[in-house]
Amino acid sequence: PFFTENQGIFDLRTPTNGQLVYTRRIGAAADDGSAASSDIDAALKLTGTAGQLVYGGFVAQEHDYRNGAGRLFAATRVALPMDHARVGYLGTWVDRPFLDRDALVNAVDYELTPSEDWRISGQFIRSDIGTSGVDLMDLARARGTQPSRFEENTHGYESWLQPDFNRSSPLTHTMKLLYIDDSFDLNDLGYMERNALKQVEWETNLRVASDGGRVSGETQRLYTFYRENTDGQRLPSRFLLSRDVSYASAWKAFQEVRYVTSGVDDLISRGNGPVRLDERVSAYMDITTPRYGDWQFTLGTYLFQQGVEDYSGWLQFLAAWYPTEKLTLRLDVLPQYSADWLVWENSNLFGSYRAKRFDYDFRLDWIPAPRHELRVKWQWIGIDADLRRAYRTDAAGNLLPSSDPVAPFPGNKLGLQNRYWFGIGPMAAFARLYARGGYNFIDEDERGVSELFRDMTDVRDADQFLIKLRYKL
């Protein structure tokens, strides 16, 4: 809670789902691989305002920072909102002594709003990564001399520009231009899907007002993007149409169709060459009911191409129960069947799997008394995958059938969080948090999804217990 609450000032994002501050990095797996999580010795966060200027900063130190696998994280943020503009700066720094690595990220963001109809926003970001180590160790030892130290610094850049048109009209348009070079890296404290990317996006939304009939509101959306990497290889691009409808009877419906062009996937092989994929199509729809007494339901279905050629699909069932105004229970289950799930194995070897998967998500929110809150989250994913066919890629990235042996596998992942909050006074609070999580991935395991669900209590990589006391002067 210390890192996720009151974090809005540090919440800067990029068009490709990037985050400059991704708080899950703090307390994550140790750099030496010895533990699934790291203890935090101390952390300090400060936010405030000075006139129109908004500022904030935090620092966090993990256990064994100086002599072990711990890390030191720091971030600072300033933003100046004006009548028709905003400018801001975010800087982050991470020191990782075990890896002899430090990472500095500087970002400037801006927003111009000359009128209610249009706006321009964007960011310029630079990453500076410093690494050091021992060079020519084996050769130096063979000669009876001391190995020398080397240092390497890499600089990377990301920039994006987003004009929004007709913002006050029912028909709005947005364009995004993005460039990320191949040395840019946010992942020490932030999160990024990839670098080495050039992308152009276009989105059009049409809001249809109620005409007094059975439809109370509707939004139609067109979204498309074209992308390629910095080597000029064309990546799969996307064309999407969707419709979101609210009915006067309180029913809601959503439909979406998607077309993905053929292209190169340059990430799936983990640096072992490109993989060429054919064009793909998919369709999704869901329906949400009005409240029936204390209950509300959502039903959804999704049909998509996930691997080389065949289709996969899943069903979703969401039930929400509101027995009182202060108690809500939600259960979300999602069974999935994949006829063709492409998974990288090693080198240029891939496996296409027939897989069964089950996602389970239970949440409880309860306010038993004034100033008391209890929240429980229980999430689980089980996967049972059997080999359909093995493939190897050629120099051009084409997938060719192979006779290589590839083992089936199950996956079993559990996350549980229990949080209790008590408001001691108007400016003070006490919180207690227990979290448990784990992941099991075992080759040659013949358990199915139902057996994995039964054995979920065996999944236990980390337990965390936290007590937090907050008092505001």
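Tutor: Let's start with a term: a residue is buried under 20% relative accessible area, exposed over 50%, and partly exposed in between, using a 1.4 Å probe and protein chains only. Keep in mind that this is a predicted model, where local features need pLDDT of at least 70 and side-chain atom pairs count only at pLDDT 80 or more, while totals for chains, interfaces and linings use all residues. Residues are numbered from 1 along each chain as its sequence is written, and side-chain values use heavy atoms, leaving out hydrogens and water.

Side chains of opposite charge can pair when their charged atoms come close. A salt bridge here is a side-chain nitrogen of Lys or Arg within 4 Å of a carboxyl oxygen of Asp or Glu, and that rule gives 28 of them.

Take Glu111 and Arg86, whose side chains meet with N to O at 3.6 Å. They link distant parts of the chain, 25 residues apart: Glu111 lies in strand β7 (residues 101-112) and Arg86 in strand β6 (residues 85-96). Strands are DSSP runs of E, at least two residues, numbered from the N terminus. Glu111 is partly exposed at 22%, and Arg86 is partly exposed at 24%.

Next, Glu218 bridges to Arg243 at 2.8 Å, N to O. Glu218 sits in strand β12 (residues 215-228), Arg243 in strand β13 (residues 238-247). Here Glu218 is buried, at 11%, whereas Arg243 is partly exposed, at 31%.

Finally, some bridges join up: Asp31, Glu62, Arg71, Arg96, Arg101, Asp185 and Asp188 form a linked network.

Technical notes: Helix = DSSP H or I, 4+ residues; strand = E, 2+ residues; numbered from the N terminus.
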